[in-house]
Protein chains: 2
Amino acid sequence: MNVSQLISEIKSKKSYLCVGLDTDITKLPDGVPKNTSGILEFNREIINATKDYAVAYKMNTAFYEQLGSEGWKVLEKTREMLPSNVLSIADAKRGDIGNTSTMYAKAFFETMDFDAITVAPYMGLDSVEPFLKFDKKITIVLGLTSNQGSLDFQTNALYHPPLYQTVLQRVSTWSTMENLMFVVGATKADALQEIRNIVPDHFLLIPGVGAQGGSATEVCQNGKNKNGGLLINSSRGIIYASGNSDFAEVARAKAKELAEETQPYTTHL
Amino acid sequence: MNVSQLISEIKSKKSYLCVGLDTDITKLPDGVPKNTSGILEFNREIINATKDYAVAYKMNTAFYEQLGSEGWKVLEKTREMLPSNVLSIADAKRGDIGNTSTMYAKAFFETMDFDAITVAPYMGLDSVEPFLKFDKKITIVLGLTSNQGSLDFQTNALYHPPLYQTVLQRVSTWSTMENLMFVVGATKADALQEIRNIVPDHFLLIPGVGAQGGSATEVCQNGKNKNGGLLINSSRGIIYASGNSDFAEVARAKAKELAEETQPYTTHL
């Protein structure tokens, strides 16, 4: 899926929802086997239950790597389960020197055929460029993250403008909104207007709604642009909303609720 | 292996050499099958050929992930092959919000039992801390990297002191040299004296010797400390020194040469 198709999907589903498949084997609901088959079964049910409301799915690689090569197999199989009309995102936060980033890009864009991957900016242009070279794929660079640690460097008071603004400003010159997006935490909704001055056109992937305390409404109010420009992610708030056998049904209800919260901000599309 | 054992090993082998097992299936020597068994065979021969001179081995995860779950299996099996008297490093450059970094720490420190992992600093304390909580393991945070892209943010002229110095200064307060190290590129040997003023005690993992053009002698002159404090990595310069059936023998000779170049700087230990 590319950005134009994503915009159509947002328009048609009237939703900015991205569901995070951060599936933790220790948190599987009662009745789901606590093994890799159980994770696959859980992911399949969550995808089926939420796909009417979600325009994207984000799989955080850490949750799969924790289980070693067997977990990596589950990552591959879950990727294959995703419908073709959603954006598939590997939330991998990779980044390395050029020839190594090329290997990561191949791993996620070719071997697994993800539409998009998250990338860390610390190592600069030649660490990000190998991902951007895949012009039918999308590179999502960390801008301002949702966690407390963003204060250490991203908004360190020593630096004016703050580091995250320099990252957004500089990285946004490396490619267009067709294959570059940014991560901005929902817990930083007050910074979104300023961020939109720096990157008016690029999509923003917004984690941090739900368990981390961000508000989807505030994100939409401050962050939407003429193409929509938002992917609002919820992981724990949807997939673990119930720990019982009704988990899929409850996940669907939570996905619907979040999609409906964002719906008023899709009417201009 | 812990830091005290690493120091003993440096003393005994008179070497700071770390061999990078960045094994690329397309670059396997003639006669080695171009499949995952071939990679394993190659890694085994390289390890056996170089282990008299190397005090550490660094596996870059990108090269294995490129092959999907099968590649991840090779990563696991190669980890198992490493002798117990070398430091095993997963060069993974991970980093995410707290609960996710915990998953990465488990993946590399528990599931695969690596001694050390490289971590990206952009997301700050709560992204690094879950790794540091494993007090018998070593977290190696990116400081000043060897690539051209380090100019974009790490040494961006907007910022005084440069970002990488703020990273070294702040992160070094988060733990001791017993379980925290830093990555500093060998191509930045002139910055090493200044770096030693900021982090006098911590070990530095130094990639960029060989293919990337850094000098091991300059690194030792400017970077060594009272405990040695250095791991000098060469990957391509050793493992692909010959593309023929003599690859292991030539790798051994290259490893010996680099170890001997660093030897004069181990005599104070």
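Which residues of α7(A) are buried? They are L163(A), Y164(A), Q165(A), T166(A), V167(A), L168(A) and V171(A), and the legends below place them among other views of the structure. This is a predicted model, in which local features need pLDDT of at least 70, side-chain atom pairs count only at pLDDT 80 or more, and totals for chains, interfaces and linings use all residues. Residues are numbered from 1 along each chain as its sequence is written, while chains are lettered from A and ligands numbered from 1 in the order in which they are written.

**Figure 1. Chain A as a whole.** The secondary structure of chain A comprises eleven helices and eight strands; helices (H or I, at least four residues) and strands (E, at least two) are DSSP runs, numbered from the N terminus. Chain A has a radius of gyration of 17 Å, close to the 18 Å given by the globule rule for 269 residues, so it is as compact as a globular protein of that length. Here the radius of gyration is taken over C-alpha atoms, and the globule rule is 2.2 Å times the number of residues to the power 0.38. The C-alpha trace of chain A spans about 50 × 45 × 35 Å along its principal axes. Of the 269 residues in chain A, 59% are buried. A residue is buried if 20 or more other C-beta atoms lie within 10 Å of its own, exposed if 12 or fewer, and partly exposed in between, with C-beta atoms placed from the backbone. Two residues are in contact if their C-beta atoms, placed from the backbone, lie within 7 Å. Among contacts in chain A between residues at least 6 apart in sequence, 73% join residues at least 24 apart.

Figure 2. Helix α7(A), residues 163–171, is mostly covered, as seven of its nine residues are buried. The cover over these buried residues includes α6 (125–132), β5 (138–144), β6 (180–184) and α8 (192–198) of chain A, together with α7 of chain B. In the loop between β5 and α7 of chain A lies P161(A). The peptide bond from H160(A) to P161(A) is cis, with omega near -10°. In chain B, a cis peptide bond joins H160(B) and P161(B), with omega about -10°, and P161(B) lies in the loop between β5 (138–144) and α7 of chain B.

Figure 3. Two strands pair if DSSP finds at least two bridges between them. Strand β2(B), residues 56–60, pairs with β3(B) in the parallel sense over five bridges, and K58(B) has I89(B) as its bridge partner. Strand β4(B), residues 116–119, also pairs with β3(B) in the parallel sense, over three bridges; here the bridge partner of A90(B) is I117(B). Together, β3(B), α5(B) and β4(B) make a right-handed β-α-β unit. A crossover is right-handed if, with the strands pointing away from the viewer, the path from the first strand over the helix to the second runs clockwise.

Figure 4. K93(B), in strand β3 of chain B, has a positive phi of about 45° although it is not a glycine. With 29 C-beta neighbours inside 10 Å, K93(B) counts as buried. K14(A) lies in the loop between α1 (3–13) and β1 (17–20) of chain A, and its phi is near 50°, a positive value in a residue other than glycine. K14(A) is partly exposed, with 18 other C-beta atoms within 10 Å.

**Figure 5. The contact between the two chains.** The contact takes 50 residues from chain B and 50 residues from chain A. On the side of chain B that touches chain A, the largest share, seven residues, comes from α5(B). Chain B can be laid on chain A with an RMSD of 0.0 Å by a turn of 180° and a shift of 0.0 Å along the axis. This is the relation of a two-fold axis. Copies are superposed by least squares on the C-alpha atoms of residues with pLDDT of at least 70 in both. Of the interface residues of chain B, 100% are also interface residues in chain A, so the copies meet through the same surface.
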